[in-house]
Protein chains: 2
Amino acid sequence: MSTIKDVAKLANVSIGTVSRFINGYKIKQENSLRIEEAIEQLNFKSNPMARGLRTNKTLTIGVLIPRITDVFCTQVIEGIEEILNPLNYGIVICSANDNLEQQTEKLSYLREKFVDGIIVMPVTSSEFEADEIVNRGIPIVLVDRLVKGYEFDAVICDNVNGAYSAVEMIINKGHRKIAVIGGPEEIFTAQERLTGYLRALNDYNIEVKEEYILHSPYTKNGGIQAINQLLDLEDPPTAIFTTNYPITVNSMKVLMERNLVMGEAISLCGYDQTELFQMFNPPVSVVVQPSREIGIHAAEILLKRMSDDQSRFPHIQRLKTQLIETESVKSMI
Amino acid sequence: MSTIKDVAKLANVSIGTVSRFINGYKIKQENSLRIEEAIEQLNFKSNPMARGLRTNKTLTIGVLIPRITDVFCTQVIEGIEEILNPLNYGIVICSANDNLEQQTEKLSYLREKFVDGIIVMPVTSSEFEADEIVNRGIPIVLVDRLVKGYEFDAVICDNVNGAYSAVEMIINKGHRKIAVIGGPEEIFTAQERLTGYLRALNDYNIEVKEEYILHSPYTKNGGIQAINQLLDLEDPPTAIFTTNYPITVNSMKVLMERNLVMGEAISLCGYDQTELFQMFNPPVSVVVQPSREIGIHAAEILLKRMSDDQSRFPHIQRLKTQLIETESVKSMI
């Protein structure tokens, strides 16, 4: 088995030059060509692990998300890739499958693979176990959700104002019976969105009715039970604010099954954008999170930390949401 | 820095027991509790790389897909996770971003991380570089697309019959001017779907018109130019068969922009299912690939190979597609 020394000798360069080449630094083109040839001729395999131990860099970033089929998550990843791919970082994606145990396992998996940094969208805000990662000095940037018990850099959305703007728009269209299907109380973004809902009702002097406030898991089938419960009320709401993507889609499905035309029989404003939502008739009103931008900013903060710039830690970056207003919320005026 | 010996001593078990514990084998619960405590107390960090070298197992599977925002890809991954998660495999996902160079880089990244096996959906069928992986004996299972120059296990769909059934349905509804927006000629599935289209026209004695056969990249913005070109023909088609998810979505968008009602002004049958397609009015006719099942079967074949069962190699498993027939294809009869 050939070594880095053999490569250096054959390529007629120093071991340091080969090392720099292997670790992805720019070197003179003629040298890199000779090294490439030597590596091929000797069938030399650099051991990325040993490499990581030697240089303390693996040029690998771990990304941990709650669920791989969630459009919000994959759009965030696209933003991350946009920044890190051109810098030759390998990006390794793991899914926690909405499961805290899997989240802990996969975090320790990423830690053991000695990634240079980790971007995490936590499953919930309450349970998060990252002592080992912190102790090793591997930077973590959170996206979308903060967690209790740790200080991390984070890129999140202004959920309070996002939800507020949606509910305010519904109020301005003349609705007074406005329900919300929120997420689990232990999820940070869910708390914030509920706060936005309550604040809007309060600002406009609308009575808060307990029966109009439901919680649903932020999982694949979220919202189905809740929307049925709302529609079955003796005094049902005229408008419903659904606070994430699966709840929005599942609510739309239930309305269709019950032959309730969105924007006529019942008004709906959702959360998170997919290219298809605006192709419906009527298009769906939604609070849009700048998912791609979240990924871009998270990658940029991580790059800063990985280059040992610890200024302004923890940096909590809040991005504004955008409201798409359509006829899925009926004007009652 | 503490070693495995220190852990064994403190936990009062043999080094072999600690090793078995670290490598994920079942050991007596009392032992595993003592080892866990010892590991925590000593802050012992097992080196997964050394572990991999010692046992030849990393309990990690690499999954390489063309694009993370493609619903087909993420549904396949869900199927893979369904099988491998309960077995405690770490699943590492990489995206090639529709780029051959990135595909090669990420394959060698996965190889260098010494994964136990790799599931790949190749970017194209023509260029694929996996000699190193084959030489190291790391099993590869392909999904959706075969590649030239290699024999690999694969789970693919019956694309010829999938496309045939779609075009046959369109013909049976009385259409004769049927266009297809196919994929790039170098992609295996695209070739097969075009074959299905041609075979159906041929079986039903319908003249093949060159101007009705367009190719589009299988990328995010695929299909936009092609559908506009078809609609601008002097003698435009009455029905269009779009052969993957982005082409279908983008074609629907263009129709809407041009105020052409799907199923009335123009008929459309697409490929690949999303939960939203059947919520449109009219719902979208599509050829549905059993994406989750593809992932499940690919994971099962990979498990077999990783346990050194080389029987029936290469095992090419073909799954049937399903046709969803809706009013997005107008009846002309």
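Which residue of chain B forms a salt bridge with A:Lys106? The legends below refer to a predicted model.

**View 1. Salt bridge between A:Lys106 and B:Glu81.** A:Lys106 pairs with B:Glu81, and their closest N and O atoms lie 3.4 Å apart. By the rule, six salt bridges cross the interface of chain B and chain A. Polar contacts across this interface join 15 residue pairs, with both residues at pLDDT 80 or more.

**View 2. The interface of chain B and chain A.** Here 48 residues of chain A are in contact with 47 residues of chain B. About 4,000 Å² is buried between the two chains, and carbon and sulfur atoms give 58% of that area. Of the area that chain B buries against chain A, 16% comes from B:Lys113, B:Leu276 and B:Met279, more than from any other three residues.

**View 3. The side of chain B that touches chain A.** Elements that each supply at least two residues to this side are α4 (48-55), α5 (71-84), β2 (90-95), α6 (100-112) and α11 (245-257) of chain B. The residues on this side comprise 17 nonpolar, 15 polar and 15 charged.

**View 4. Helix α6 of chain A.** Helix α6 (residues 100-112) of chain A has 13 residues, which at 1.5 Å a residue should span 18 Å; its end C-alpha atoms are 18 Å apart, so the two values agree. Buried residues in α6(A) include A:Lys106, A:Leu107, A:Tyr109 and A:Leu110.

**View 5. The two ends of α6(A).** At the start of the helix, a side-chain oxygen of A:Asn99 comes to within 2.9 Å of the backbone nitrogen of A:Glu101. A:Phe114 follows α6(A) and has a positive phi, near 55 degrees.

How values were computed:
Residues are numbered from 1 along each chain as its sequence is written. Chains are lettered from A and ligands numbered from 1 in the order in which they are written. This is a predicted model: local features need pLDDT of at least 70, side-chain atom pairs count only at pLDDT 80 or more; totals for chains, interfaces and linings use all residues. Side-chain values use heavy atoms; hydrogens and water are left out. Contact means heavy atoms within 4.5 Å. Buried area is the accessible area (1.4 Å probe) that two parts lose on being put together, summed over both. A salt bridge is a side-chain nitrogen of Lys or Arg within 4 Å of a carboxyl oxygen of Asp or Glu. A polar contact is a pair of N or O atoms within 3.5 Å; within protein, one must be able to donate a hydrogen and the other to accept it, and residues adjacent in sequence count only if both atoms are side-chain atoms. Helices (H or I, at least four residues) and strands (E, at least two) are DSSP runs, numbered from the N terminus. Ala, Val, Leu, Ile, Met, Phe, Trp, Tyr, Cys and Pro count as nonpolar, Asp, Glu, Lys and Arg as charged, and the others, Gly among them, as polar. The expected span of a helix is 1.5 Å times one less than its number of residues. Buried means under 20% relative accessible area, exposed over 50%, partly exposed in between (1.4 Å probe, protein chains only).
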